[in-house]
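The structure comes first, then the points by topic.

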Amino acid sequence: LYLLTMNLLTVLWQNLSDAGLNLNTQRSIARNIRLANQVAIITCVFAAIYGYIFYVIALSFAGIAMIPACIGLLFTVLLNKLGLFNSSRLWLIVWCNVCVFYYSQGFGIDAGIHLALFAFSLLPWLMFEWRKRQLAIFSNLLILANFYLISKLAIAPTWPISHNAQHQIF
């Protein structure tokens, strides 16, 4: 049973990672497509895990809100499968920004969720070839704008989580 599960997961990983690739795909483009697919899949898995944790510790709305986040991340793989390679990479970066903005507004600025944008600022430089540096610069400007909006438009009060839920979390 263990070997069967591992084989199924390996085949699923390979098929999702290689979505959108064919035998004629150039090596540099194939690397970028595979990287976008893998980042989307790994982020989706971790988002699902966090969604489950949020749901279990009585933050059911935050947990349920992870479902559209996961679907949006898997949309990157679908766009690559359809051959829209640049669109899929831009979508991944934009969608990660939307999710970070949403959760940082929901949990408040003190939660530090917005700090994930520092890691996301590396994604455009990894996903776009040097010839497409305009897309990478645009993506980084989008990340900077999101960081600014989060810091200036703090809609949620500091720690909107109840005292009991904070005690369970920390």
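Tryptophan 95 has a relative accessible area of 17%, under the 20% cut-off, so the residue counts as buried. This is a predicted model. Tryptophan 91 is partly exposed, at 27% relative accessibility.

**Aromatic pairs**
- The structure contains 3 aromatic pairs.
- The ring centres of tyrosine 50 and phenylalanine 54 lie 6.2 Å apart with planes at 40 degrees, so this pair is tilted.
- Both tyrosine 50 and phenylalanine 54 belong to helix H2, where they are 4 residues apart, about one turn of the helix.
- Tyrosine 50 is partly exposed, with a relative accessible area of 47%, whereas phenylalanine 54 is buried at 16%.
- Tryptophan 91 and tryptophan 95 form a stacked pair, 5.2 Å centre to centre and with 15 degrees between the planes.
- Helix H5 (residues 85–107) holds both tryptophan 91 and tryptophan 95, 4 residues apart, about one turn of the helix.

**Nonpolar surface**
- Helix H2 (residues 27–56) gives the largest share of the patch, 8 residues.
- Valine 45 is located in helix H2 and is partly exposed, with a relative accessible area of 46%.

**Whole chain**
- The protein chain has 9 helices and 0 strands.
- Of its 170 residues, 35% are buried.
- Among contacts between residues at least 6 apart in sequence, 63% join residues at least 24 apart.
- Carbon and sulfur atoms account for 71% of the accessible surface of about 10600 Å².

Technical notes:
Residues numbered from 1 in each chain as written. Predicted model: local features only at pLDDT ≥ 70, side-chain atom pairs only at ≥ 80, totals over all residues. Heavy atoms only, no water. Helix = DSSP H or I, 4+ residues; strand = E, 2+ residues; numbered from the N terminus. Buried < 20%, exposed > 50% of the residue type's maximum accessible area, 1.4 Å probe, protein only. Contact = heavy atoms within 4.5 Å. Areas by Shrake-Rupley, 256 points an atom, 1.4 Å probe, with all protein chains shown as cover. Phe/Tyr/Trp six-rings, centres within 6.5 Å; stacked < 30°, edge-to-face > 60°.
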